[in-house]
Amino acid sequence: GVYSGVIGLDKDFKINLPNLTAMELLNISINKDYGKSILEIVPEFKYLVESLIRTEKNVVEDKIQIIRNDKVLNLITRLVVQKSETQILGYVLTFDDITSLIEAQKMGAWSDIARRIAHEIKNPLTPIRLGSERLIKRLNSGKKIDKVFFEESLNMITRQVDDIDHLVNEF
């Protein structure tokens with residue numbers, strides 16, 4: 001019932017107790033991988049292990065990306081030293097798959113970008129529509145065509161179209 005992957009390691013970083021989540025996420029088996037080095041099975045943990053040894057801390061954490069079964073997994077990992085007063089007994093490696101969280105964040109970001117672009121494109125469309133409607137109304141009114149009025153309206157439409165073009169080119 002634990003959603004996190006948990007692996008017990010001996011003092012030499014050899015696997016001695018993975019939970020079901022760890023076995024499923026990392027595609028490992030207690031039968032075939034018991035006693036093997038975690039770095040042999042999951043070389044992506046190398047930096048985490050080296051960091052723990054180098055810093056002599058009791059806990060190190062990192063975000064690691066691995067590929068298993070043609071699927072990219074983003075893991076938040078934590079390696080903790082288990083020791084008595086004088087010696088290291090082993091380690092506990094825990095990790096959570098945050099791949100779906102990262103995907104949701106990306107989708108949210110793209111949704112926000114799309115909403116902003118749509119807003120920026122719609123802003124100039126209103127004056128373009130109003131300008132063209134004014135021109136059509138003036139043409140259909142039967143009144144004398146005012147060259148200055150037409151020129152101002154067409155310049156405004158051109159500016160707004162240029163703004164849209166600039167926005168699209170930036171994107």
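Which residues make a nonpolar surface patch of about 360 Å²? I looked it up: Trp110, Ile113 and Phe171 make the patch. For the record, patches take residues with over 30% relative accessible area and no salt bridge, joining like charges within 9 Å and nonpolar side chains (Val, Leu, Ile, Met, Phe, Trp, Tyr) within 5 Å. Accessible areas come from the Shrake-Rupley method with a 1.4 Å probe, and for residues only the protein chains shown count as cover.

Before going on, I note that this is a predicted model, where local features need pLDDT of at least 70, side-chain atom pairs count only at pLDDT 80 or more, and totals for chains, interfaces and linings use all residues. Residues are numbered from 1 along each chain as its sequence is written, and side-chain values use heavy atoms, with hydrogens and water left out.

**Helix α5**

I found Trp110 in helix α5, residues 99-140. Helices (H or I, at least four residues) and strands (E, at least two) are DSSP runs, numbered from the N terminus. Trp110 has a relative accessible area of 53%, so I log it as exposed. My cut-offs are buried under 20% relative accessible area, exposed over 50%, and partly exposed in between (1.4 Å probe, protein chains only). Leu101 also sits in helix α5, and I have it as partly exposed at 48% relative accessibility.

**The sheet**

Next I traced the strands. Five of them form an open sheet in the order β2-β1-β5-β4-β3, with antiparallel pairing. Two strands pair if DSSP finds at least two bridges between them. β2 (15-18) and β3 (59-68) are at the edges with a single partner strand each, so one side of each has no neighbour in the sheet. From one strand to the next, the twist averages 25°.

I then looked at β3 and strand β4 (residues 71-83), which run antiparallel and are joined by ten bridges. Ile64 has Leu75 in β4 as its bridge partner, and Asp62 has Thr77 in β4. The two strands, β3 and β4, form a hairpin with two residues between them, and Asn69 in the turn has a positive phi of about 50°.

Which strands does helix α4 touch? Helix α4 (residues 46-55) packs on the sheet against β3, β4 and β5 (88-97), and its direction makes about 165° with that of β3. α5 lies across β3, β4 and β5 and runs at about 130° to β4. Contact here means heavy atoms within 4.5 Å. Axes are lines fitted to C-alpha atoms, for helices over the stretch in contact, with angles from 0 to 180 degrees between N-to-C directions.

**Asn74**

Is Asn74 buried or exposed? I get buried, with a relative accessible area of 7%. Asn74 is in strand β4. Leaving aside neighbours within four places in sequence, Asn74 has contacts that include Lys63, Ile64 and Gln65, as well as Asp96, Asp97 and Ile102. I also checked Leu101, which is 27 residues from Asn74 along the chain, and their C-alpha atoms are separated by 9.3 Å.

**Salt bridges**

How many salt bridges does a search of the whole structure find? I count eight, taking a salt bridge as a side-chain nitrogen of Lys or Arg within 4 Å of a carboxyl oxygen of Asp or Glu.

I started with Arg68 and Glu44, whose side chains meet at 3.2 Å, N to O. Arg68 lies in strand β3 and Glu44 in the loop between α3 (38-41) and α4, so the pair ties together parts that are 24 residues apart in sequence. Arg68 is buried at a relative accessible area of 13%, whereas Glu44 is partly exposed at 28%.

Glu50 and Lys46 form another salt bridge, at 3.7 Å, N to O. These two are four residues apart in helix α4, which means that about one helical turn separates them. Both go down as partly exposed, Glu50 with a relative accessible area of 35% and Lys46 with 46%.

In helix α5 I found Asp112 and Arg116, four residues apart, so about one helical turn lies between them. Their salt bridge is 3.2 Å, N to O. Asp112 is partly exposed at 25% relative accessibility, and Arg116 is exposed at 56%.

Last entry: Lys32, Asp33 and Lys36 are linked in a network of salt bridges.
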